[in-house]
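Hi,

Here is the structure I promised to pass on. Have a look first, and my notes follow below.

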Amino acid sequence: MRIDIISVAPNLLESPFNHSIIKRAQDKGLAEIVIHDLREYGLGNYKQIDDTQFGGGAGMVMMIEPIANCIKKLQSERTYDEVIYMTPDAKTLNQSTANTLSLKENILILTGHYKGVDQRIRDKYITKEISIGDYVLTGGELAAAVLVDAVVRLIPGVIGDEQSALTDSFQDNLLSPPVYTRPAEFEGMKVPAILLSGNFPKIDDWRSDQAYKRTQQIRPDLLDD
Ligand code: 6GU
């Protein structure tokens with residue numbers, strides 16, 4: 001899978017993709033992540049990328065030409081399955097969206113700043129808009145890093161233990177059950193006896209039951225779907 005990201009703050013994206021599982025996915029050739037500095041497409045001597053908004057009001061708007069030129073160049077090089085705009089005024093990311101995107105060949109992600117991008121970019125080039133939650137970040141870069149992490153870890157072969165990604169919280173719309181490791185007792189706190197029983201069907205039942213109870217308590221909205 002190839003992921004291109006257009007950003008005005010490319011250095012914000014370096015660190016998240018150069019560690020751990022996401023780095024290994026790239027080293028193994030399972031994911032290729034390419035970051036493009038929008039400033040290089042800026043207009044004039046000052047490489048302008050934003051301007052005041054028509055109709056008045058505080059805050060700058062990202063201009064159409066630099067973004068359109070960057071997207072057009074990338075689209076001339078390959079076909080993108082999705083052109084995604086990261087913005088708080090969109091549907092929120094969930095596991096189902098991450099699963100769907102992990103099956104794509106090429107995706108292009110545009111990250112917003114300031115008041116966002118000229119609406120005509122969204123109308124003409126964007127096929128999907130994603131928010132990561134109901135709060136506002138200074139820019140879309142951290143949100144893009146979250147999206148890429150959630151998607152790349154699902155690409156087959158990225159996580160060593162194939163089972164692991166499938167048994168995550170949310171894969172079945174339930175939160176994960178509690179987990180324990182050694183020691184079996186710490187300062188009087190004991191690991192539930194069932195987990196030490198070796199009775200694996202019973203352990204599965206217990207885990208399902210705990211996952212359901214935890215979901216009911218913390219995220220009952222997930223049970224409505
Ligand atoms: Cl995608 N961008 C920004 N700037 N803030 C956000 C967001 C995205 N998702 C949640 N908050």
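Gln95 sits in helix H4, residues 95-101. Leaving out neighbours within four places in sequence, Gln95 is in contact with Leu154, Phe170 and Gln171; contact means heavy atoms within 4.5 Å.

Before you go further, a word on the source. This is a predicted model, where local features need pLDDT of at least 70 and side-chain atom pairs count only at pLDDT 80 or more, while totals for chains, interfaces and linings use all residues. Residues are numbered from 1 along each chain as its sequence is written, and side-chain values use heavy atoms, with hydrogens and water left out.

Now the whole chain. The secondary structure comes to eight helices and nine strands (DSSP runs numbered from the N terminus: helices are H or I with at least four residues, strands are E with at least two). The chain is more spread out than a compact globule, because its radius of gyration is 22 Å, well over the 17 Å that the globule rule gives for 225 residues. That radius is taken over C-alpha atoms, and the rule is 2.2 Å times the number of residues to the power 0.38. Along the principal axes, the C-alpha atoms fill a box of roughly 70 × 40 × 35 Å. Of the 225 residues, 40% count as buried. Among contacts between residues at least 6 apart in sequence, 74% join residues at least 24 apart.

The buried residues of H3 are Pro66, Ile67, Ala68, Cys70, Ile71 and Leu74. Their cover includes strands E1 (2-7), E2 (32-37), E4 (60-62) and E6 (106-111), along with helix H5 (119-124).

Last, Ser197, in the loop between strand E9 (189-190) and helix H8 (200-218). Ser197 is partly exposed, with a relative accessible area of 42%. The C-alpha atoms of Ser197 and Val136 are separated by 47 Å, with the two residues 61 apart along the chain.

Cheers

Terms used
Buried means under 20% relative accessible area, exposed over 50%, partly exposed in between (1.4 Å probe, protein chains only).
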